[in-house]
Amino acid sequence: MLALKLAWRSFIRHRRRSAITTIAISLGFAMLISVTGIAINGHDRMANLGVRLGSGHVVVQGKGFQQEQTLNFLVDDPERVEAVARTIPDVQNVAQRVYTGGLISSGELNSATMIAGVVPDIEPQVSDIASPSHRTSGGYLRPRSQLEFNNAPGDIYLGDTLARTLDVEVEDRVVLTASPANAERPASAAFRVRGIFHTGVSELDGFYVQIALGDAQEMLGLDGKVTQVALLLNDLRATARVTKEMRAALDDQDDLEVLPWQVALSELYDAIVLDSIGNYLLHTIVFLIVAIGIFNTILMSVLERTREFGVMIAIGTSRQQLFAQVIAEAVVLAVVAYSVGLAIGLSLHYWMSTTGLDVGALYGDGLEFAGISFNGRIYSTLYPAQVAQWTAIVFGLVILSSLYPAFRATRLKPVEAMRHA
Amino acid sequence: MPKSLIEAQGLCKSYQQGAITVPALQDVNLSIEHGEFAVLAGPSGSGKTTLLNLIGGLDTPTKGKLLLEGKDMSTLSGRQLSDLRLHKFGFVFQAYNLVPVLTAYENAEYVLLLQGIKAEERQRRIGEIFEEIGLADLASRRPSEMSGGQQQRVAVARAIAGRPALVLADEPTANLDSKTSADLIEMMHRLKTDHGVTFIFSSHDPRVIDRAERLIQLEDGRVVSDEKRANAA
Ligand SMILES: Nc1ncnc2c1ncn2[C@@H]1O[C@H](COP(=O)(O)OP(=O)(O)OP(=O)(O)O)[C@@H](O)[C@H]1O
Ligand SMILES: [Mg+2]
């Protein structure tokens with residue numbers, strides 16, 4: 001503790017040098033915290049958005065569907081998969097869906113489309129597309145039992161861009177055409193526009209339609225089968241665990257694949273990873289600043305005090321004690337710089353996570369990233385594990401970068417060191 | 001017969017300067033007894049510092065032996081020498097002796113901390129010494145806030161606080177005016193008498209040399225005279 005006390009004294013006494021190093025390290029670190037917080041928040045939002053607009057956190061599909069995207073790969077017994085999923089902790093909801101590509105037309109106008117057959121009662125609970133906040137007009141799909149008469153055209157729910165392409169409004173009729181499973185000829189069916197949505201994701205707004213699951217199964221001859229059972233979780237970070245548990249629970253069915261959103265939404269995930277690389281670069285730079293800052297400051301301080309250390313060795317300070325002394329100086333410097341950086345960074349983070357930064361004001365229409373637009377404010381999210389990891393890295397680096405200066409100090413020969421005026 | 005505190009036998013030290021070998025000490029035979037107050041005198045370059053460094057275990061002889069209470073110092077490891085310097089020896093150097101970030105009190109305390117002495121005992125000892133050598137009012141000053149003479153007094157306090165058997169002082173008065181030098185030597189002599197600490201110091205200041213009980217004269221690395229002077233100090 002003598003070493004720490006001396007180190008603290010040395011920190012205080014060399015005010016200028018300590019201050020410069022502290023400022024460099026703490027600002028770098030504060031920047032790291034706030035930028036990473038914003039990035040993590042953005043990534044979580046993208047993932048959540050992707051998950052809530054599309055797949056769910058974990059999907060169960062017929063094995064091969066992810067690759068081929070055709071009706072040759074189906075979940076034969078979706079009820080069983082759903083029952084299994086509902087027993088797993090953190091699974092908030094389960095949605096059965098049918099996906100297939102097709103054509104949508106209204107009079108002379110038509111467009112390629114992605115058809116999703118969804119359960120009208122469930123979908124609003126698992127997907128934001130179905131929620132009123134994304135609806136620009138009309139209502140959401142009704143189950144067939146609630147239609148005016150039994151063989152009336154089914155409800156269809158589509159994006160605003162697509163509605164413009166087809167020049168349709170709520171209550172207008174459209175025709176869907178798609179290839180059923182195991183059939184040569186395409187099948188067609190008429191639908192009535194029930195509602196129109198807007199998500200900001202161009203692919204969804206321009207090409208995606210939803211119809212009732214029963215209508216989709218009938219049109220495509222699926223007989224109760226689905227292409228996907230999607231699981232919505234309470235927490236994005238439970239994804240890996242739930243995926244594992246689902247795989248274990250469905251171990252006996254090798255005709256199924258259980259995929260986390262990172263795989264199911266691989267394009268989105270790749271975009272997040274790409275963005276993270278930039279962030280890692282920043283990490284590396286900040287950690288370099290820390291390492292070089294500490295190394296430089298401590299080495300300078302050791303070289304400057306050759307005589308002082310010479311006297312200390314002469315009067316009986318052991319080499320181990322001197323070594324510890326130098327390391328302690330680096331640690332004190334780091335603790336102060338790190339604490340200041342953490343305080344600034346966390347304050348920024350707190351502000352960014354509560355008030356947020358209005359990017360609308362900065363960028364007008366908001367930012368678009370990976371096909372998703374960020375309107376309004378951006379926020380910051382940090383996980384304690386991340387902060388703990390930085391702390392470990394910083395202190396590891398500090399110790400590493402003070403090893404050489406510390407070693408230099410112990411190599412001093414007292415007689416020579418004291419001749420050094 | 002009790003062993004001498006220090007005994008040098010045929011001690012030689014030479015420095016290599018490029019191709020030239022500079023002899024700094026040549027065949028020094030000498031013994032220092034417990035309780036002596038000895039001065040090493042001699043012109044610049046005569047080997048005073050070299051001899052003190054060898055005795056203090058800060059450097060190793062090229063030839064010859066140094067016995068500490070009969071034990072050959074060359075057999076000691078670096079760690080043992082460091083322990084020896086901590087527990088057996090006290091050092092006062094010519095200048096810039098103190099740790100600049102510590103106060104006078106803390107500088108003296110440093111050795112006691114290294115020795116692992118309890119807080120209460122540290123306080124008692126340093127309090128006494130500071131009182132004795134007139135440092136009580138300066139206890140919380142840093143080296144940069146003290147005069148040269150005051151700093152040297154702190155260095156002496158640090159050197160004796162650890163209760164060493166031997167204090168080695170290399171020109172402790174070189175940077176001081178003559179009045180301050182005389183006071184410092186006076187003080188060391190008193191410590192020697194009251195605490196039984198052995199002192200060896202080097203000097204070429206005649207007024208300091210006058211106070212010595214034993215005067216060892218060096219010239220060109222050799223002892224040219226060695227006399228006891230009972231009436232000194
Ligand atoms: N590290 C060294 N390298 C080379 N020569 C040295 C070294 N240290 C001392 N010497 C030489 O050894 C001789 C004795 O030096 P020393 O420092 O012991 O003399 P001194 O009596 O203490 O002199 P001063 O009164 O000037 O302090 C001198 O000739 C000096 O030049
Ligand atoms: Mg000298």
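Predicted model: local features only at pLDDT ≥ 70, side-chain atom pairs only at ≥ 80, totals over all residues.
Residues are numbered from 1 along each chain as its sequence is written, chains are lettered from A and ligands numbered from 1 in the order in which they are written, and side-chain values use heavy atoms, with hydrogens and water left out.

**Exercise 1.** Determine which residues are closest to ligand 1 and which chains surround it.

*Solution.* Start with the shell, where a residue counts if one of its heavy atoms lies within 4 Å of the ligand: it holds 14 residues, and the closest are Ser44(B), Gly45(B), Lys48(B), Thr49(B) and Thr50(B). Next, consider the chains: because residues from both A and B surround ligand 1, the site is shared between chains.

**Exercise 2.** Find the distances from side-chain atoms of Lys48(B), Thr50(B) and Glu171(B) to oxygen atoms of ligand 1, then state how much of the ligand the protein covers.

*Solution.* Take the polar contacts (pairs of N or O atoms within 3.5 Å). A polar side-chain atom of Thr50(B) lies 2.4 Å from a ligand oxygen, one of Lys48(B) lies 2.7 Å from a ligand oxygen, and for an N or O atom in the side chain of Glu171(B) the distance is 3.2 Å. Turning to cover, the protein takes up 74% of the 630 Å² of accessible area (Shrake-Rupley method, 1.4 Å probe) that ligand 1 has on its own.

Note on methods. Polar contact = N/O pair within 3.5 Å; in protein donor to acceptor, adjacent residues only side chain to side chain.
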